[in-house]
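User: I have a structure to look at and have not worked with it before. Could you take me through it?

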Amino acid sequence: MRTLVVIPAYNEEDALPATLAELALVQPDLDVVVVDDGSADRTSAVARAGGAVVVTLPFNLGVGSAVRTGLRYALDHQYDRTVVFDADGQHDARSIDVLLEALDGGADVALASRFGAGTEAYPVGRVRKSAMRFLARFVHHLTGQRFTDPTSGYRAFGAPAIRLLARAYPVEYLADTVEVLLIVSAAGLTIEEVPSSMRVRTAGQPSNRRFRLVANYLRVLVGLSGAAVFRKRHDQVAVSGGVPREEDADA
Ligand SMILES: Nc1nc2c(ncn2[C@@H]2O[C@H](COP(=O)(O)OP(=O)(O)O)[C@@H](O)[C@H]2O)c(=O)[nH]1
Ligand SMILES: [Mg+2]
């Protein structure tokens, strides 16, 4: 089994050295790719100095695009499993073992939850907390599965999920965490949530991209509902055979 750690990074020269050092210490057998997403600082240089392979995107494309790039790298280089890990030191490298155990146990995707059983309390503001709760309910409604932390970016993917997401990983904010669960679940792959305590950021700037704009949050809800309705209709049409399917129309 070959496992690749993918680290999306944007202007993380301050935090990345300690993150890579921790990974090298705790998970010495894992290869690491840092996807430098058009950083303006020395992210690429410190990543190389820390022993990682660096894939550089020409300009800032966002976390989703960076993760998709990392998964594509994993696919092209015949890795069996991929762990997505933050550059900022918030993720605990020891939890990689727990994520990989979930894959060993048969899950296609393993999701590290900040709020799972036995985790230390992670500080979240009131507005963000209710927004997260609502999203969790929404995801439950659409997938039939309950997640305590659907916006967590700390995840592991097995081979079928890598194949799917190397081309389908969503690139919009929030969709890059939440919609992934819908895509994976709709494809019939299984997701397992495991607990992992998360630290507060020690260096660099949080992008705060996830909850900066209420408008963005609402846009995702509308987008997800639309996608769900479309999928249902598309399936119904396909089943009834009344209207040609897209593939047929293309032929
Ligand atoms: N590739 C890429 N990575 C990003 C971008 N913004 C944030 N990141 C990375 O995504 C990870 C999580 O970002 P962070 O700002 O800590 O978000 P939070 O933990 O959800 O508050 C870190 O490794 C960041 O370097 C971006 O625009 N592109
Ligand atoms: Mg962070």
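Analyst: One term is needed at the outset: two residues are in contact if their C-beta atoms, placed from the backbone, lie within 7 Å. In that sense, the cover over the buried residues of helix 1 includes strand 1 (3-9), strand 2 (31-37) and helix 2 (43-49). Please note that this is a predicted model.

User: Which residues of helix 1 are buried?

Analyst: In helix 1 (residues 16-26), the buried residues are L16, T19, L20 and L23. They lie on the same side of helix 1, because the arc they cover around the axis is only 95 degrees.

User: Could you give me an example? I was looking at L99.

Analyst: L99 belongs to helix 4 (residues 95-104). L99 counts as buried because 26 other C-beta atoms lie within 10 Å. The C-alpha atoms of L99 and V194 are 6.8 Å apart, although 95 residues separate the two in sequence. Neighbours within four places in sequence aside, the contacts of L99 are V83, A110, A112, A156 and V194.

User: Where does V194 lie, and is V194 buried or exposed?

Analyst: V194 is part of strand 7 (residues 191-195). V194 is buried, since 21 other C-beta atoms are within 10 Å. If residues up to four places away are not counted, V194 touches V98, L99, A102, A110, A112, S113 and G116.

User: What about G105, buried or exposed?

Analyst: G105 is exposed, because 11 other C-beta atoms lie within 10 Å. This glycine sits in the loop between helix 4 and strand 5 (109-113). G105 and E192 are 87 residues apart in sequence, and their C-alpha atoms are 9.7 Å apart.

User: New topic: helix packing. How do the axes of helix 5 and helix 7 cross?

Analyst: The axes of helix 5 (residues 126-143) and helix 7 (residues 178-186) come within 10 Å and cross at roughly 10 degrees. The two helices are therefore roughly parallel to each other. The crossing of helix 5 past helix 7 is right-handed.

User: Which residues meet there?

Analyst: From helix 5, L135, V139, L142 and T143 meet V178, L181, L182 and S185 of helix 7. By class, the residues of this contact are six nonpolar, two polar and no charged.

User: Which residues of helix 7 are buried, and what follows that helix?

Analyst: The buried residues of helix 7 are V178, E179, V180, L181, L182 and V184. After helix 7 comes G188, which has a positive phi, near 85 degrees.

User: How do helix 3 and helix 6 cross?

Analyst: The axes of helix 3 (residues 63-76) and helix 6 (residues 159-168) come within 8 Å, crossing at roughly 130 degrees. That angle makes helix 3 oblique to helix 6. Here the crossing is left-handed. On the helix 3 side, R68, L71, R72, A74 and L75 meet I162, R163, L165 and A166 in helix 6. This contact has six nonpolar, no polar and three charged residues.

User: You mentioned a positive phi. Which residues other than glycine have one?

Analyst: For context, most residues other than glycine have a negative phi. N11 is one with a positive phi, of about 50 degrees, and Q78 is another, with phi near 55 degrees.

User: Where are they, and is each one buried or exposed?

Analyst: N11 is in the loop between strand 1 and helix 1, and N11 is buried because 20 other C-beta atoms lie within 10 Å. Q78 is in the loop between helix 3 and strand 4 (81-84), and Q78 counts as exposed because 9 C-beta neighbours are inside 10 Å.

Terms used: Residues numbered from 1 in each chain as written. Chains lettered and ligands numbered in written order. Predicted model: local features only at pLDDT ≥ 70, side-chain atom pairs only at ≥ 80, totals over all residues. Axes fitted to C-alpha atoms, helices over the stretch in contact; angles between N-to-C directions. Helix = DSSP H or I, 4+ residues; strand = E, 2+ residues; numbered from the N terminus. Parallel < 35°, antiparallel > 145°, perpendicular 65-115°, else oblique. Left-handed = near helix turned anticlockwise from the far one by under 90°. Nonpolar A, V, L, I, M, F, W, Y, C, P; charged D, E, K, R; others polar. Buried ≥ 20, exposed ≤ 12 C-beta atoms within 10 Å, placed from the backbone. Arc of directions from axis to C-beta.
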